[in-house]
Every structure is written in structure tokens, then in C-alpha cells.
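My notebook is open, and I have a list of things to look up in this model. I will go from the whole chain down to single residues.

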Amino acid sequence: ALPALMTPRIPSEMQTGRYAVLIMILSLLQILEKDEYHRRMNEDNLQHAPDFVIKPRSHTVWEKQCVRLHCTVTGWPEPRVVWYKNNVTIDPMAHPGKYKIESSYNVHSLEINRCDFDDTAQYRVSAMNSKGELSSFASIVVKRRSTGSAVSFFPNKNAFCSEYGVTFETHIVDKFGVSFGREGETMSLGCTVIIYPTIQRYQPEVQWFRDDVLLKPSKWTHMHWSGNHATLTLTHLNKEDEGLYTLRVTTKSGYETHSAYVFVRDAEAELEGAPTAPLDVQCQDANKDYVIVTWKQPAVDGGSTILGYFVDRCEVGTTHWIQCNDTPVKFARFPVTALVEGRSYIFRVRAVNRAGTSRPSRVSEPVAAMDPADRARMKGKLNYGEGVVPGKPRDLAVTEATKNYVVLSWRPPGQRGHEGIMYYVEKCVAGTDSWQRVNTEIPVKSPRFALFDLSEGKSYRFRVRCCNSAGVGEPSEPTEATTVGDKLDIPSAPGRVVPTRNTDTSVVVSWEESRDAKELVGYYIEASLAGKNAWEPCNNKPVKGTRFVCHGLTTGDSYMFRVRALNAAGLSDYSQESEAIEVKAAIASPAPPYGITVLESVRDSMVLGWKQPTFIGGADITGYFVDYREVVDGVPGKWHEANIKAVSERAYRVTDLKENKFYQFQVRAANMAGVGIPSQPSDIFKCEEWTIAVPGPPYDLQLSEVRKHSLVVLWKPPVYQGRDPVNGYYIDIKEADAPEEDWKGVNEKATGKTYMKVCKLKEGVSYVFRVRAQNKAGVGKPSQVTEPVVAQTRPGTQEIVVNVDDEGVISMNFECTQMTADSQFVWCKNYEEITDSTRLTVETKAGKSKASFKTPDLEDLGIYSCLVTHTDGVSASYTLTEEGDEYQLLLIIPLKSDLAVELLEKGRVRFWLQAEKISPNAKLDYVFNDNILTHGEKYKMNFDKNTGIIEMFMESLGPSDEGTYTFQLKDGKATNQSSLVLIGDGMIEFTLGQNLWALELQQNSIWVPKSSIQSTAEGIRLYTFVNYYNDELHVTWHYRDAAIAFTERIKSGVVGEQLWLQISEPTEKDKGKYAIEFFDGKGGVRRTVELSGQAAPSSFSFLPDRARVAGGLPDVVTIQEGKALNLTCNISGDPVPEVTWLKNERELVSDNHYILKFESGKFASFTITQVNTSDSGRYSILVKNKYGTESGDFTVSVFIPDDQDLAKAGKKDKK
């Protein structure tokens, strides 16, 4: 930069001019220099498109190997790198443990774990920033090792099979999942396999693998193939059976696989505190008189250190086990000697600690005590002839050295003639030259030999000589000095343990491997609830690698993890404990949407529809982003954003397009974790005006309430209506593997709704669906086809249960056992979410949700469904129809108050009630003793439909007015009525609940207006209303002219302007005259009433001839489906009462199912011959004679037993 200009002192005018010019020139240079500097530092000039400095390289690998692709990318802004497999984005979260993507300092890598044939593909890495996009390609070929020397390859998926002239498509459904078992149990794994097309006598190759090792039929594993179902049965679980199980189905066109992990828990120890059994017992170096037995240490030591192991042997064909070592051995290898040549043996191992000995391990495979050379000769691999004295053995080495034995191995000599050779082994103490022959009697035939009876701590050298009939050859070169002892050290503790979230019940645990570990067998992982320090094994079979998925954890709990390594020398110390982690599904960006289609097209815009991603990332999708690009002559241009703000619907109109131009689209989904990778580019669509008369395709098809014989299809109306509005829909169905010509309609008549329940499905069959819209012009193009769905009722499926409680509240109840931390119950009416809370009250607690009707009426009829989010489609529905029992409950006009009577001034009587809600079209009948009353001189009626108050006035009461008064209401199909009975000499009887009370009207005692009497659950309440009430008004209650002393049984009080006297549990002594006095300081009023009880509680009875239900009915009956129900109760009354049985307020009629009897005027019986679930409900018996009515209620609940209950019941029946 130029220095700052200093203005000098100017001596003259001429100098002043020169200085001015110089200053202008220097200022201009400074300005130009600053512009150049800013131009160079401009961010736009620094930016450049991505460039691959190092491109990924193609690989050819064997099956089950790991492969790593890596590249180096430059660019500014820093490019975003995405990996693709056959142009499908790779998402590691969607395939836990399969892929690992890393980026560090412009170096990007993709690691593929345990390659399978499915990984044979073209891989693309795409680098993108604001300046452009660049891709690089690499191929991976996965070879399969065959049983022979040649290498075989699987055909590509969906390859054409020329032998049969078809392309086989294989689908594995009903897949087995992660499974847990216990030692000694039997477990079956199975999958349904659909192969299309079906060709008679063609059988696919079905194989089962455990940890990538092909399984063969044995007494431990049974395999079965039924033609469409593959089953693997593990007859007697042991820890050796733990691992990753894979089903592979291979056809002439390709293959399909499915894998899941099986965990085997330890059986209960025979002795408390004893260790669990060792595992994986194998025989190594079998010779004619010894076998080296190896095993793996158990994960659980029982609480104290394992002291060692006992090895047992048993001769094949016998059941006699012999312990091979007198003292426990700590090393997980042991040479068993003193075997009889030519006989076969099996072995087992037991662990021992201070508490005792474990259960024995699973026995090893049988092994014969035989010289390896003899075994090879039996297999036809050796061919002896005559020859000369052999030369020196080659490459002699000590392959294994412990304190118990040393194993030598070597190669045969190059010079050995045509005759078979044998070997002598010699040893000497290090530092001496005194060689001793070890096998002095019989030379060995195999180039491998184990030496015993060596002194621990001493050093030895070894050499070998060859011999045959021609003589003994020269010795081999001696080995280096070998010290007898356990050279193998226990591995060091693994490094840092890091848990990461995986699913709602599993966590991925990774750790740093043990340093300098030799002959590592694997790792054991343990878990404990945070803060509990109660450690439990996550695996009972050692796993290799440094990553493991721990399943079977409890959602929402926090766990800590630790790891230890093991080899033959023993188990390492534990690693440091990990940080605590809460078990919940990992949140990742969603997978790409798919199935992009055009729903409507006009000259300058197009409406797109697409399907929801198969993996939403563990969080709700918050919206979608749409990109588009123009395609000119088949060459696509750059992508442009169609929407800046995310759209929540799976449909969007892309605007500002050009007519008759071609476009491609891609969609990205977003959730709280971020925006996912884009979908594959859509097909190429032309932007042009649609002029067809028929409607466009419906979209966003959803399937819910999947059961073994039915499901519900939901869809959204087409965006393009056609020439006329849409007036109906047709639903098509076909089996998933059926050809296109097998589509058939579900409904013959078009439905106007956007949902339909499809019935008569075949259990276990996979189906697909599509929907077509119609208008007056005809039927339009079908929608996109749904994903295949299997008609099955999954275990644990619940249905909506409708209950009516004692207060008449109708509720719908739904329970879900698959709730996650983010799951929610969503209630819908006619498959539209209920947002108006004025009709329903929803209560949710834990895994149960209850929707209760507030004021049910005809508006509440419809289909009610409940969906549980963040589950595998848990949903159910219930339909309230006019034919259903609940409909009758909805058709009751609610009442604010029942029919009541008041005595007014001058002997006038007022009958009144108030309805909760009533329409202007409501009708009313006033009935007296089954005769309809009309408005006239004696009766004055008033019906206020705005307030719901209904009144009838009588000028006076007389003997002819004794009887039953009823107000009957009808509003459309809804009805209700309320009755009141006048009996005796001027007495009014009220029927409320189960209590009947009478009020005697005295000529000289007139209640103030608004007076009444009420029966309650506790007893009886007398009350009256006053025009006003304040603290200065003095009120006194009297009984038989004496002031009442209030107790817990007899109380008084004031509510607003109502004054009341409550008598709980009334008795004979409570009969008589009651009075209330009012005094406000200036004057007073006294009112009296005569009270007598009718058919009151059993402590007294004033009217013995009234109809009564004496007892015998329970409150609730819970009964198993298929059983018979019989109930009997006693009836009294004179004249003999009429008996009516009701179910959910509807009268029952005696038939073959319901047998209703009333015998001798005293005994009423109720019988259901064979109970089923539809018999659940609320039942009542109603008895009635001229003196009154009484009812008894009970509830019947019918349950369906599960298989275990049936099995137990069967055993009891046999006993």
C-alpha cells in the first residue's frame, strides 16, 4: 500500500501548482490500488465449482469383506457431498451398521460393512455448491466363494431368465425380527416368500446363515420350506446359537435376503452364584492319542472370579462322562490325552468359581482319535510308493506354546522318494547339544506334533527327522529356544465406549479396540441403568469388531455401557463406563420422497404429487421442498427452487413454467433434524394445458386399520376436476404379484366419500390398490398404486371399545401397546381429524385414550377412528349407526330436570320439566293414565322451545286426578319422557331413583311458590324457594311442632334462594309433619308438610303392595365367551307386577338366545344360552304395578381367552 500523503509547506505559487498535480496523481493511484484489492478479495471471485483431486477407485472384494471408497474434493463454498448407490441416496441411519460416511478436511469416505451380493453396484459421489455440481463414479463387485475352486457370481437382481423365459421377482414378507430366547428353549424363525410368476415344480434355493456361516440340518437346527414359507427351528437354544441370522432366497433372476439378530440368555444357574456355562467347544489338532480342546469363556461369572475350567470327555455311543483334569485350568485350551486310537469322542467344558460349578457347555462335534495321515489316506489324498532315504524336513516352527504343551509343525522334505515317510521328533535343553528322541517307539505320520511333559520355565530347542524303509534322514534345522509357559497375555481393556441412539429399544455401542491384543476372540458388552450399577450382559457370544447393537432396552430409560475383551488367556479388565444415554429413536433427516406424478397441468404451471418417505428419520416431517429443471433435447439444465417455504401437503403447484417445455422435478423432505437428500429426478413432463373432460387422478392414498379380512383405503380428491365436478370414486384391487389385467373393482356403484372399507380379503395375501375419480364425462385416470400390504391382524391389535357408564355417558376407548415417546392418539370422525372439542372430550393417559360425548345427539352419528402416530400403522374405528345399540342412547332428548309438581296459590298445581336442547320441530304429548290431555278449561299447557321449559297447570286437585302424568317428547327420531304419579288422599308420589316418597297436601298448609321434594341417593330432601335470602333472614325447621336438632343424619342448608332439609337413610320415625318458619325481624311465615314414605329402604315399608325387585342381581358379571349365563331375582308386589328386561335401554324379547321367565309371580330369571362379545352391555329389569315402578341394573362383560388360558383350562378339564 502507498504511504499516507503528507502535505508539505509550499514556498511559492508555482510550487503550489506542481504539488497539487502530484497529490491528484497519487490519490488516483491509491483509489485504483484499493479497487484492485477489493476486487481480488470479492467473495464471488474466490468461489469456484467443486473439483475431485482424488477420485474414488473401483474395488472387487469377496463376500462379507469390508470395502472403503474415498475421495478428495475442493471447492468454495465448501461442497456438500452425497453418496449414491445405483442413483439411490445412501442413508446410514436407514441401515444401521451397514454404511459409515465420514468427512474430514475435504477427504470424504464411504465404508460398506460386510459386503453382500446386493452391494454389487455402481456408486456415485456427488459434490455440490452454489457454483455447480460434479460427480465421480466407482464400481464394487462382490464375489462369492464357492465350494469348488471356481468363483461363482449371482446374477443381477431381476435379471431375465432365458431358461424359463421370465424374470422372477422375489419378495420376503412377514419377516422375523430381533428375537430373544433362553438356553434350553425352542425358537422358530420364519418368513413368507412371494415369487412371481409362479412356475410349477420350480424351487428356489433357500439358505439360512448364522453370522455369515451357512447352516446345515442337524439335531440343533431344522429347516423347512413349504413352497411359500421358510422356517428355521432351533430345537435347543444354546449361547452358540446367538448371532445374526440371514435368510437368502435365490432364483434364476437374482436373490433376496433378510437378517435379524437372535439373543440367547443364560439358563438359571443350578447353584446360586455359580458361573454360566462356557461356549463354542471345539477340537483342534486331533491325533491318535490326544486332542486339543478349546472354548470361549462365558460373559457372566456369577459374581466371583472364575477359578478355571473342567474338561469332560465321553466316548461316542455311551453316556458316561469322564473328567479329564483334576484341577481347573485357567487357559481356554487343554490337551486331552490317554485316548484310544480309532475311537470317537465328544467333549464339554464346565466353569468353576467359589460358589460352585456351572452347567456344562453344549457338547463338541464328534472327533476320532486318529493320526492325521491316516485320516488323509482314508480320504484318498495320499499315494505311497517306493523310494530312497528322505531329505530334511523344512520350515520347522513352534506354532503354539503353553505351560502344558508345545505344538510343532513343518513341511515334508523335497527329496522323499516314492515311498511314504514318517517322522521322529527330537528335543534338547537350550544351551546344550544333548538331543533326545521324543517318540522313540512309533514315528508319527503327520507333519504336526504336540509335546507334553515339558518342564515349565525351561527353554528347549526342537528338530525333526524323516524316515522310511530305506532309513532315517538328516535332521531339520533346529528351532530357536522356546521357553515353556503361557506366552499369551490377557488383552488390555478396550478404549473409550461411545453409545449412540438407534431405535426405541436399541442403542449402537462402539469402542476403541484393545491395544496389542493377540489371538483376540471377541468382546462382551454389558449395560446398566444409569445410577443403578446393576450390570447385565448384552451378548452371551463374543462379537468381533468394535461396534454392536444392544437390543431389548426399555424406551425412555437411560443406560450406561462397558466392554471387555477376551482371548484364550482370559477376560480383560472392563473399559471405562460410557456416558448415560436415553433410549429413544435416533433423529435423522428423512429419506427421499418418491413416486412423483403430475396431478394437473396448465400453460404456465403444474401440480405435483408424491409419496411420503419410507423412513421419516424418527421425527415428524415438517414440510417438503420442490426443485425443478428444464430439459432441452434430453439434456437437463440446472436445478431451481420452486418453493422457499416448506409445504406441509404432499402436493404443490410449481409456477412460472413455460408452455410446451419439458421439465423434471425432485422433492426433499424436512424434519427437525434438517432437510433430507433429494429424491430421484422424476420422469420428464411436458407443461401444457390439460383439456380432457374426465377428472385427473386422486392422490395421497393411505391404508389403515389393516386386518386379516379388511382394511380402509383413504385418498384425496383429484386436483384436476375435468369438465364437470367429481361426483364419485371407484376403488380397484389386485393381488400384489398378479398381472395388470387382474385389476378388479371393489365397488360397483361410485362412492362420494374419500374413504372406503374393503372387506372379504384373504388372510396372508398381499394386495395393492388404486382409485379412479368420475364426473359426468366419465371415469378418469387411476391414481398411483399403493405399496403392497399383507392382509393380517398383527399380534396385540386392539379395537375401539364403546362403554356407557352409570351416568349414561357414552365413551370410546382405545389402547395401544406400541407407544413410543413421540406417539400421539389422533381421533377422527369420518376420517377427518376432530378439532372441535365441543362435541367430544378426549382424555389420554399412558397407552390409553378415551373420547367421551358431552351432549350426544344425532349429529354424533358417523365413523370414529383413532390413529396412533409413530407406530407401524396402529389404528381402529367404530361406526355409530342407526341400527346400533349406541344409536338409541344418542336418540334420547337430554333433560335438565325431570317432571316435577308445585302447589301454587289458591290450590293451583303446576307440572313442569325442562329439556336440555330441543329444535323448533319438536312435538309434545301430555298424557294422564294413557289418555292424551288437551289445552282447555281444566288444563293449561305451555311449551317454550327456546328455553326447553314445558308446563301444565291444573286449577285444583280432586280424587279423579289420581294416577300417572307423563310428558312425552319427540324431536325427529330422538325421544324422551318423564312421569309423575298422584295417589291416595291428596298425596303426590315422586319416583326418583329407587326411592318413592309421598307428599300429603293439607288444606291449611300452602307452600310458597317454587317448592318441591326430591329423593336422593342418600335419602330425601325437602326444599323450597324464597323471593330473596340474606343473612338477616332467620330460618327454623320443625318436626311435630318441635325445633329439629341437626345431626350428621339430618342437615339443613341454603343454596342461592333454595332452602333445604336433608334426611339421610329415612326410617319409620321420620314420618310426620314438618314445618319451616321464616322471620326477617318485621314479620314471619310458617309452612307445613306431612311426610310419609312409600316402598322406602328395607328398614321400613309404608306401601307393601308396590312392585319391588327384592335382590339377587349382581352389579357386574364378567364371563368367558361361549359360556352360559343364568341370573335369578325375587319380585314382590300386589297386584303381581309386570316384568320387562332391557339391554342398553331397549326391550328384550325371549327367544333361543335370551330366555326370559317369570314364575309364580315371585321369581324372574334371565338366561343367555351361549354368550358372545355382542352380549356385553348394560342390562335392566323393570317391574311395574299400579302402585309404582322399580328397576334393577347389572353390567355384563364378555372376554375372549388367549391361547394360554385355553391351554390351562384344557389341562384342568383333563385333571
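The entries below are what I noted at each stop.

**Entry 1: the whole chain**

I began by reminding myself that this is a predicted model. I then asked how many helices and strands the protein chain has. I found five helices and 95 strands. Next I looked up burial, and 44% of the 1215 residues in the protein chain count as buried. The accessible surface of the protein chain is about 64,600 Å², and carbon and sulfur atoms account for 48% of that surface. I also checked how far apart in sequence the contacts reach. Taking contacts between residues at least 6 apart in sequence, 63% join residues at least 24 apart.

**Entry 2: cavities**

I counted six cavities of 30 Å³ or more. I picked the second largest cavity to look at in detail, and about 70 Å³ of space lies in it. Which residues line the second largest cavity? I noted that the lining includes Glu 183, Asp 266 and Glu 270. Thr 357, Ser 358 and Arg 359 are also among the lining residues. Several alanines turn up there too, including Ala 267, Ala 269, Ala 274 and Ala 277, and Pro 275 and Thr 276 belong to the lining as well.

I moved on to an open sheet of four strands, and I read its order as 61-62-66-65, with antiparallel pairing. Which are the edge strands? They are strand 61 (801-804) and strand 65 (840-845), and each pairs on one side only. Ignoring direction, neighbouring strands of this sheet are turned by 20° against each other on average. For my own reference, strands of a sheet pair through backbone hydrogen bonds, either parallel or antiparallel.

I then looked at strand 62 (residues 810-815) and strand 66 (residues 848-853). Five bridges hold this antiparallel pairing.

**Entry 3: strand 29 and its partners**

Is strand 29 (residues 406-411) mostly buried or exposed? It is mostly covered, with five of its six residues buried. I followed its pairing next. Strand 28 (residues 394-401) runs antiparallel to strand 29, and five bridges join them. These two strands form a hairpin, with four residues between them. Within that pairing, Val 398 has Leu 408 of strand 29 as its bridge partner.

Strand 29 also pairs with strand 32 (residues 448-451), again antiparallel, through four bridges. Here I noted Val 407, which has Ala 450 in strand 32 as its bridge partner.

**Entry 4: Val 626**

I found Val 626 in strand 46 (residues 623-632). Why does Val 626 count as buried? Val 626 counts as buried because its relative accessibility is 0%, while the cut-off for buried is under 20%. I then listed what touches Val 626, leaving aside neighbours within four places in sequence. Its contacts include Leu 608, Trp 610, Tyr 652, Val 654 and Val 667. His 640, Glu 641, Asn 643 and Gln 666 are among them too. For one of these, Val 654, I also took the C-alpha separation from Val 626: 8.1 Å, with the two residues 28 apart along the chain.

I looked up two cis peptide bonds. The bond from Trp 76 to Pro 77 is cis, with omega near 0°, and Pro 77 sits in the loop between strand 3 (67-76) and strand 4 (80-85). The bond joining Tyr 196 and Pro 197 is also cis, with omega about -5°. I placed Pro 197 in the loop between strand 13 (187-196) and strand 14 (205-210).

I also noted positive phi values in residues other than glycine. Arg 114 has phi near 50° and lies in the loop between strand 7 (107-112) and strand 8 (121-129). With 27% relative accessibility, Arg 114 counts as partly exposed. Glu 1145 has phi near 70°, and I found it in the loop between strand 90 (1138-1143) and strand 91 (1146-1147). Is Glu 1145 buried or exposed? Glu 1145 is exposed, because its relative accessible area is 55% and exposed means over 50%.

How values were computed
Residues numbered from 1 in each chain as written. Predicted model: local features only at pLDDT ≥ 70, side-chain atom pairs only at ≥ 80, totals over all residues. Heavy atoms only, no water. Pairing = 2+ DSSP bridges. Axes fitted to C-alpha atoms, helices over the stretch in contact; angles between N-to-C directions. Buried < 20%, exposed > 50% of the residue type's maximum accessible area, 1.4 Å probe, protein only. Contact = heavy atoms within 4.5 Å. Areas by Shrake-Rupley, 256 points an atom, 1.4 Å probe, with all protein chains shown as cover. 1 Å grid on protein atoms, 1.4 Å probe; cavity = no way out; pocket = protein on both sides within 12 Å on 5 of 7 lines; lining within 4 Å. Points joined across faces, edges and corners; volume = space filled by probe spheres on them.
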